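Open the model in your viewer and keep the selection tool at hand. The tour goes from stop to stop, saying what to pick and what sits there.

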Amino acid sequence: MDFDNNTLKKAFTFRFYAGLNDFLPSEKKQKPFVQFFKTPVTVRETIESMGIPLSEVNLVIVNGISSALNKQLRNGDRVAVYPEFEGIDVSPVSKLRKPKPLKHTSFILDSHLGKLAKYLRMLGFDSLYDNNFADEEIILKALKDNRIILTRDKLLLKSPVVMHGYYVRATDKHEQLREIVQKFNLYCQFKSFTRCMTCNSILIQVTKKELPVKPDQQIIATYNKFFFCRQCNKLFWKGSHFIRMEIYIRNLLQA
Ligand SMILES: [Zn+2]
């Protein structure tokens, strides 16, 4: 009989922290559990096989020591896996080669998140969205423009080339917006009503004298500031719809 040690299954203990538990079945959430793998096996392979997107992993501790993803595990190893910590920079201790934080926060959203894209645009964030984007297209565009991928599809984040990606937990569009604003700490970056909610283009401010399209006389008489989307050929002004959105944003900030 051939007892090749390299192909025997070995036992490892895993514990995933905070939001990483969202990817685990209930019996493995928020507690240590033992999982068997054929060896040789790396930290990266074990984490990926459990469906955790590597783009959400920020720190791996093996037997109490910060470890790289390519570390080979040994029988009995204890592996603790942490996501990004809100407001705490673990880069000095983490052995993971994480991409540098992005200078400008911009997004690309998958086909499930059209409404969230509109809301992010309302807050002024560059948010690409097209119902027809294929997964590969989303990944390529994200890499090209340094965009964060927002998705409800865990598989999309499994691609090893995805640098900045986030699985949106909430299903309600208002909750989703709150989640993203909180997750990426966007509060100080709002540039509300500077971007077209329909097409993502930057709006230009136009005076009454140079209105490219003419609304009703009453509207021209009532409002002083007008904004124009060259892409959609649409004119906007700060009417009742605008005031409702402003209240919505203020509530979001207070929450
Ligand atoms: Zn537009």
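Select F107, L109, L113, L116, L120, I149 and L150. In this predicted model, these residues have the most contacts inside the largest nonpolar core, which has 26 residues. In soluble globular proteins, nonpolar side chains tend to be buried together.

β6 (107–109), α2 (114–122), α3 (135–145), β8 (148–151) and α4 each supply at least two of its residues. Which element gives the most? That is α2, with 5 residues.

Zoom in on L120. Setting aside residues up to four places away in sequence, L120 touches F107, F125, S127 and I180.

Next, pick F16, V60, L73 and V79. They are among the 15 residues of a second, separate core.

**Domains**

Colour the protein chain by its domain assignment: domain 1 covers 5–82, domain 2 covers 107–189 and domain 3 covers 204–254.

Move to β10, β11 and β12. These 3 strands form an open sheet in the order β10-β11-β12, with antiparallel pairing. At the edges are β10 (204–206) and β12 (234–237), each pairing on one side only. From one strand to the next, the twist averages 35°.

Stay with strand β11 (residues 226–229). 4 bridges join β11 to β12, and the two run antiparallel. Select F228 to follow one partner across: the bridge partner of F228 in β12 is L235.

**A loop residue**

Last stop: N70. Look for N70 in the loop between β4 (65–66) and β5 (78–82). Is N70 buried or exposed? N70 counts as exposed because N70 has 11 C-beta neighbours inside 10 Å, and the cut-off for exposed is 12 or fewer.

Show the contacts of N70 too. Leaving aside neighbours within four places in sequence, N70 is in contact with T42 and R44. Finally, draw a line from N70 to L143. The two are 73 residues apart in sequence and 23 Å apart in space, C-alpha to C-alpha.

Terms used: Residues are numbered from 1 along each chain as its sequence is written. This is a predicted model: local features need pLDDT of at least 70, side-chain atom pairs count only at pLDDT 80 or more; totals for chains, interfaces and linings use all residues. Domain bounds come from an automatic or database domain assignment. A nonpolar core is a set of buried Ala, Val, Leu, Ile, Met, Phe, Trp, Tyr and Cys residues joined through C-beta atoms within 7 Å. A residue is buried if 20 or more other C-beta atoms lie within 10 Å of its own, exposed if 12 or fewer, and partly exposed in between; C-beta atoms are placed from the backbone. Two residues are in contact if their C-beta atoms, placed from the backbone, lie within 7 Å. Two strands pair if DSSP finds at least two bridges between them. Axes are lines fitted to C-alpha atoms, for helices over the stretch in contact, and angles run from 0 to 180 degrees between N-to-C directions.
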